Amino acid sequence: MTLVIVLLIAAAAVLGWVLWRNNARKREAERTAAAPGPVDPFADADTDVLRGDPRRLKAADLVELYGKTLAVRGSLRLSEGDYRWSEHFLDTGTGVKRWLSVEADPDLEVVMWEEITGSDLQPGPRELSHDGVSYRSDEQGTARYTSEATTGLAPAGTVKYHDYAGPDGQKLSFERFGDEGKWELAKGLTLDRNQITIYHQSEA
């Protein structure tokens with residue numbers, strides 16, 4: 001009888017230890033899951049909630065800028081090595097067309113672009129001048145792209161680019177799509193995050 005009691009006490013002790021150990025592991029897992037990871041101190045999630053997130057732009061979204069509302073008709077998703085960025089074709093429906101580029105390197109940069117026609121400027125020099133503004137060579141390379149919705153381009157391909165930076169967030173950009181394409185020139189202006197409001201449409 002004594003042996004049975006001893007065995008029951010031992011079994012109860014082992015069971016109690018196993019339950020305690022499992023509960024301890026569960027509590028540790030909950031603490032680990034609840035602990036927040038590292039957070040970028042310069043990230044502004046509140047602005048993204050209130051004004052929309054440019055990194056999520058896609059066809060059918062609306063962009064409000066300088067009192068005009070433009071619809072995203074299509075997007076280019078570009079990549080060069082591990083680097084990714086996007087360009088979005090915007091249209092008011094009344095003849096005003098623009099491109100909006102969005103990249104994070106690492107800080108978010110949003111640039112509104114307007115095509116320049118009739119110019120004989122060509123990429124290559126370290127410095128260029130347009131409309132009395134001087135620009136210095138900034139970046140150049142070749143990227144791959146995929147096209148979404150309406151962009152006027154093939155579903156996929158390559159683009160060569162040469163970007164120039166000017167004062168006060170002004171930019172010039174040369175792009176040539178495909179091997180047989182001609183250089184296209186655009187002037188850009190870097191936007192403050194608070195200058196643009198995005199209305200995301202259904203995610204479905």
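**Figure 1. Overall architecture of the chain.** The chain contains 2 helices and 11 strands, where helices (H or I, at least four residues) and strands (E, at least two) are DSSP runs numbered from the N terminus. This is a predicted model, in which local features need pLDDT of at least 70 and side-chain atom pairs count only at pLDDT 80 or more, while totals for chains, interfaces and linings use all residues. Residues are numbered from 1 along each chain as its sequence is written, and side-chain values use heavy atoms, with hydrogens and water left out. In order from the N terminus, the elements follow the pattern α-α-β-β-β-β-β-β-β-β-β-β-β.

Figure 2. Strands count as paired if DSSP finds at least two bridges between them. S7 and S8 run antiparallel and are joined by 10 bridges; Thr146 has Ala156 of S8 as its bridge partner. The hairpin of S7 and S8 has 6 residues between the strands, and Gly152 in its turn shows a positive phi of about 85°. S8 is joined to S9 by 7 bridges, again antiparallel, with Val159 opposite Phe177 in S9. In the hairpin of S8 and S9, 4 residues lie between the strands, and Asp168 in the turn has a positive phi of about 55°. S9 and S10 pair antiparallel over 6 bridges, and Leu172 faces Lys187 in S10. Their hairpin has 6 residues between the strands, with Gly178 adopting a positive phi near 75°. S10 also runs antiparallel to S5, to which 7 bridges join it; here Val110 stands opposite Leu191.

**Figure 3. The largest pocket and its lining.** On a 1 Å grid over the protein atoms alone, a pocket is an open set of points where a 1.4 Å probe fits, with protein on both sides within 12 Å along at least five of seven lines; lining residues have an atom within 4 Å of a point. Of the 35 lining residues, Glu87, Ser101, Trp113, Ser173 and Glu175 are the closest to the pocket centre. Strands that each supply at least two lining residues include S3 (83–91), S4 (97–104), S5 (108–116) and S9 (170–177). The lining comprises 14 nonpolar, 5 polar and 16 charged residues.

**Figure 4. Two nonpolar cores.** A nonpolar core is a set of buried Ala, Val, Leu, Ile, Met, Phe, Trp, Tyr and Cys residues joined through side-chain atoms within 4.5 Å. The largest has 13 residues, of which Leu57, Val63, Leu90, Leu100, Met112, Leu191 and Ile196 touch the most other members. Strands S1 (62–65), S2, S4, S5 and S11 (196–199) each give two or more residues to this core. Apart from it lies another core of 9 residues, among them Ile116, Tyr135, Tyr164 and Leu172.

**Figure 5. Surroundings of Thr197.** Thr197 belongs to strand S11 and is buried, with a relative accessible area of 11%. Residues up to four places away in sequence aside, Thr197 touches Arg51, Leu62, Val63 and Glu64. Gly52, 145 residues from Thr197 in sequence, is 6.1 Å from Thr197 in space, C-alpha to C-alpha.

Note on methods: Nonpolar A, V, L, I, M, F, W, Y, C, P; charged D, E, K, R; others polar. Buried < 20%, exposed > 50% of the residue type's maximum accessible area, 1.4 Å probe, protein only. Contact = heavy atoms within 4.5 Å.
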